[in-house]
Amino acid sequence: GLDVLLERLWIHDVDNLGISVGVGPEPVEAIVRDSLIERTASAGIQVFGGLRVERCVVRDQQSNELSRGGAGIRALSEVTAEPPPQVEIHRSVFERNLGQGVVSIGVDLDVSGAVIRDTRPFESRYGDGIAIVGHSDGTRAEIRNSHVEGCQRVGFAAFGADIFVGDSTSECNAIDLNGEPLLGSAADPVPFAFHDLQGNACGCLSERWPCQLVSTGLGPPEP
């Protein structure tokens, strides 16, 4: 059942996380809706477990000596739950955040109607629009009707996870789509896969090109 409901909040100028739900190891289920989170020093929203975000804006993270990692939303799972918890993001905007606009680690991701733009590096690392990191070979992200723009490392990234993208755009990102196997303690790396659900567009300004997945040796976001 639902553990936490947060709505119609304005959280700003915080020297830490904007919203933190769950402290592990047991996951929670939470909804955040109709809220503005801006100028936090760490993730705008961090959750251990399931999360649904509706009609929110997370923007303008600031780095200072208290920062403990960026991301508009950071979703984590400290247990290898089967099935993994899920994060749903609908009709929300993530702009000018540090590290990642949205990152999920060991958590399934379902995104629709999102705008993610101008993600900057955190401590000279990352700069990703949407990144998903698998804990096992079943973690997946499905992204539809979304726009990722101006991210300094990659628009869509999968590390040991499956990523499904449809009716979405990658605009003026350094790399449109990047996938890497996840290297861990296991003998065999966890593979990644990209699934084109059609209707995608990639390019920058007036120039268009086919959306292609590449593997450039990028490192995954850390928990």
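C151 is buried in this predicted model, its relative accessible area being 2%. C56 is likewise buried, with a relative accessible area of 1%. Under a sulfur-to-sulfur cut-off of 2.5 Å, the count comes to two disulfides. With bonded cysteines counted along the protein chain, these disulfides follow the pattern 1-3, 2-4.

**Disulfide C172–C204**

- C172 is joined to C204 by a disulfide with an S to S distance of 2.0 Å.
- The disulfide is right-handed because the torsion about the S-S bond of C172 and C204 is about 100 degrees.
- Distant parts of the chain are linked by this pair, whose members lie 32 residues apart.
- C172 sits in the loop between β19 (169–171) and β20 (177–180), whereas C204 belongs to strand β22 (residues 201–204).

**Disulfide C202–C211**

- The sulfur atoms of C202 and C211 are 2.1 Å apart, and the two residues form a disulfide.
- The link of C202 and C211 is right-handed, with 115 degrees about the S-S bond.

**Accessibility of the bonded cysteines**

- C202 counts as buried because its relative accessibility is 3%, and the buried class requires a value under 20%.
- C211, the partner of C202, is partly exposed, with a relative accessible area of 24%.

Terms used:
Residues numbered from 1 in each chain as written. Predicted model: local features only at pLDDT ≥ 70, side-chain atom pairs only at ≥ 80, totals over all residues. Heavy atoms only, no water. Helix = DSSP H or I, 4+ residues; strand = E, 2+ residues; numbered from the N terminus. Buried < 20%, exposed > 50% of the residue type's maximum accessible area, 1.4 Å probe, protein only.
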